[in-house]
Amino acid sequence: MKFLKLSVILFAAAGLSCGRGKTERPPIIDMHMHAYSLAEGSASPENPVTGQPSLSQTTAELREASLAALAHYNIVKACISGPPETVAQWRTAAPDRVLVGAYVDENNPLPDLATLRADILAGRVHVLGELVLQHIGMAPDDPRLEPYYALAEELDIPVAIHTGYGPPGTPYLPGLRGFRVTLGNPALVEEVLVHHPRLRVYLMHGGAPYLQETKVILSVYPQVYLDLATIDWILPRQEFHNYLHELMVAGFGKRLLFGSDQMYWPETIGMAIEGIESASFLSEQEKRDIFYNNAVRFLKIERNSR
Ligand SMILES: [Zn+2]
């Protein structure tokens, strides 16, 4: 509830200060967001930080509230993944803002390769991911993924790989029994990077808590980027800042990407932004790099997407 009240106050303050509208906020790119559906009539999932249920009751409400948050925070591009039909609705509603990700998790199997190729070539899919491989018991270098990486490398689209944490108790849940902590280790992408040196990979959730493995992957493979999604709002703030500080001290400030991992709670977008804004060890330039400049470079936005 504390966070919800805070976001309302921030929203009101922004409205008062922006006489000419919402564009006075500097632009942000959110590299990690989801277009999920809500089963009507069932209980809304609770925000794991605030304990509050989603304020949205339907899939349409969730989409509208999320797109309103994008506009409010001047999030000019967002990489959205989820069930393909739901993501397509977001894209239709906000074609300039939404970049479509091909989603793979326990409910969304690897897509048909020919269909994926056609979708990429037609501009209907822009990113391969989020690949939530850990949750289906698959390592990032599983041979079944090889043709997908080859396709992404050939067509030069980014690949977004989930790394790090899963929710408490995940391996005990039906459909998720293949989940293993060890499958979230960023070091497992190494063979992929070796075999596909032109692949544009970003590791999601900052690779946390695998700090050492993340640092050495970023160091040895300078093409790899890292999004800070979820850990920027769900971890205790000091733990997140300690982790981010280590990455900055190690010299990776030009490779970090903002992400929210908005799932069912549009307010988490503001919470994630606050996670970066409140890092007192970051300069304003470093914050702009994380929020926007690094993603522009990684996505090749000026060259390809506008
Ligand atoms: Zn993830």
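This passage walks through the overall fold of the chain and then its zinc site. The structure is a predicted model, so local features need pLDDT of at least 70 and side-chain atom pairs count only at pLDDT 80 or more, while totals for chains, interfaces and linings use all residues. Residues are numbered from 1 along each chain as its sequence is written, and side-chain values use heavy atoms, with hydrogens and water left out.

Starting with the big picture, the chain holds twelve helices and eight strands (DSSP runs numbered from the N terminus, H or I of at least four residues for helices, E of at least two for strands). The chain's radius of gyration is 18 Å, close to the 19 Å that the globule rule gives for 306 residues, so the chain is as compact as a globular protein of that length; the radius is taken over C-alpha atoms, and the rule is 2.2 Å times the number of residues to the power 0.38. The C-alpha trace spans about 55 × 45 × 40 Å along its principal axes. Of the 306 residues, 53% count as buried, meaning under 20% relative accessible area with a 1.4 Å probe, protein chains only.

Now for the metal. E130 (OE), H162 (ND1) and H205 (NE2) coordinate the zinc ion at 1.7 to 2.3 Å; donors are N, O and S atoms within 2.8 Å of the metal (3.2 Å for Na, K and Ca), and the site may look incomplete because water is not among the atoms. Along the sequence, the donor residues follow the spacing E-x31-H-x42-H. E130 sits in strand β4 (residues 127–131) and H162 in strand β5 (residues 159–162), so this pair ties together parts 32 residues apart in sequence. Both E130 and H162 are buried.

How values were computed
Buried < 20%, exposed > 50% of the residue type's maximum accessible area, 1.4 Å probe, protein only.
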